[in-house]
Amino acid sequence: MGKRKKIRQAALQRNAQLKRQISLSDARLKAKDRIAKPKKEDPNKLKVMEKPQASSALFFEYNTQLGPPYHIILDTNFINFSIKNKLDIYKNMMDCLYAKCTPYITDCVLAELESLGPKYKLALRIIKDPRFERIHCMHKGIYADDCIVNRVSQHKCYIVATNDKELKRRIRKIPGVPIMYVALNRYLIERMPDAFEPMSKK
């Protein structure tokens with residue numbers, strides 16, 4: 001019991017010493033040691049805020065650059081999900097959108113599939129089909145998600161085909177970019193303009 005009392009007394013003495021210290025805005029301190037009191041902001045002053053420039057392709061978040069033939073960037077796991085579900089990528093894309101589609105593969109996605117090893121030989125053979133167009137990347141590294149997000153942020157003419165939850169979350173933050181994904185043994189589309197939505201749900 002005596003030990004606890006000593007600890008409590010020591011803590012009280014420390015607090016008392018802290019209270020005794022001169023405040024940094026005290027008038028007795030020299031000008032260089034004193035902290036100036038923050039000035040109150042003028043409520044009438046205009047506030048300057050920086051925002052990224054909105055894309056010219058968006059009209060009230062309706063993407064005017066989207067239209068047939070559709071340009072679709074494929075992600076690694078979308079290709080793998082298609083193979084698991086035994087879906088023909090090219091045919092099912094056209095069944096989903098009722099229009100001509102051009103699938104695109106970035107260098108990053110190709111490098112990612114090559115790094116996954118011999119298990120994904122079939123996926124590599126599928127994307128080397130001449131109907132799949134290649135997009136050459138100018139950046140360093142092979143992280144496909146960052147590459148896809150940067151590309152669709154700059155050019156609003158793409159649909160992103162992915163089943164990756166994290167990539168979907170990042171794409172949803174970019175206005176006017178639809179997402180295609182594999183579910184219920186077919187391709188579904190999310191965030192397409194109203195004119196096409198009922199067709200994609202049939």
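This is a predicted model: local features need pLDDT of at least 70, side-chain atom pairs count only at pLDDT 80 or more; totals for chains, interfaces and linings use all residues.
Tyr-187 turns out to be buried, with a relative accessible area of 4%. Because Phe-78 belongs to helix α2 and Tyr-187 to strand β8, the pair ties together parts that are 109 residues apart in sequence.

The count of aromatic pairs comes to 2, and the other one is Tyr-104 with Tyr-158. Here the geometry is edge-to-face, with 5.7 Å from centre to centre and 80 degrees between the planes. This pair also links distant parts of the chain, with Tyr-104 sitting in strand β4 and Tyr-158 in strand β6, 54 residues apart. Both Tyr-104 and Tyr-158 are buried.

Six strands make up an open sheet with mixed pairing, in the order β5-β4-β3-β6-β7-β8. The edges go to β5 (133-135) and β8; each has a single partner strand, so one side of each has no neighbour in the sheet. Direction ignored, neighbouring strands are turned by 35 degrees against each other on average. Further in, β6 (residues 158-161) and β7 run parallel and are joined by 2 bridges, and Val-160 stands opposite Ile-179 of β7.

On to the helices. Helix α4 (residues 107-115) lies across β3, β4 and β5, at about 65 degrees to β4. Its buried residues are Asp-107, Cys-108, Val-109, Leu-110, Glu-112 and Leu-113. Just past the end of α4, Gly-117 adopts a positive phi of about 95 degrees.

Helix α2 has its own buried set, made up of Thr-76, Asn-77, Phe-78, Ile-79, Asn-80 and Ser-82. Just after α2, Lys-86 takes a positive phi of about 55 degrees. Another charge-over-ring contact involves Arg-131, whose charged end sits over the ring of Tyr-90, 4.5 Å from its centre.

Pro-68 and Pro-69 are joined by a cis peptide bond, with omega at about -5 degrees; Pro-69 is in the loop between β2 (62-63) and β3 (70-74). Tyr-98 is not a glycine, yet its phi is positive, near 55 degrees. The residue is found in the loop between α3 (89-97) and β4 (101-106), and Tyr-98 counts as partly exposed because its relative accessibility is 48%. Asn-185 is likewise a non-glycine residue with a positive phi, about 65 degrees, and lies in the loop between β7 (179-183) and β8 (186-190).

Note on methods: Residues are numbered from 1 along each chain as its sequence is written. Side-chain values use heavy atoms; hydrogens and water are left out. Helices (H or I, at least four residues) and strands (E, at least two) are DSSP runs, numbered from the N terminus. Buried means under 20% relative accessible area, exposed over 50%, partly exposed in between (1.4 Å probe, protein chains only). Two strands pair if DSSP finds at least two bridges between them. Axes are lines fitted to C-alpha atoms, for helices over the stretch in contact, and angles run from 0 to 180 degrees between N-to-C directions. Contact means heavy atoms within 4.5 Å. Rings of Phe, Tyr and Trp (its six-membered ring) pair if their centres lie within 6.5 Å; planes under 30 degrees apart count as stacked, over 60 as edge-to-face and the rest as tilted. A charge sits over a ring if NZ of Lys or CZ of Arg is within 6 Å of the ring centre and within 35 degrees of the ring normal.
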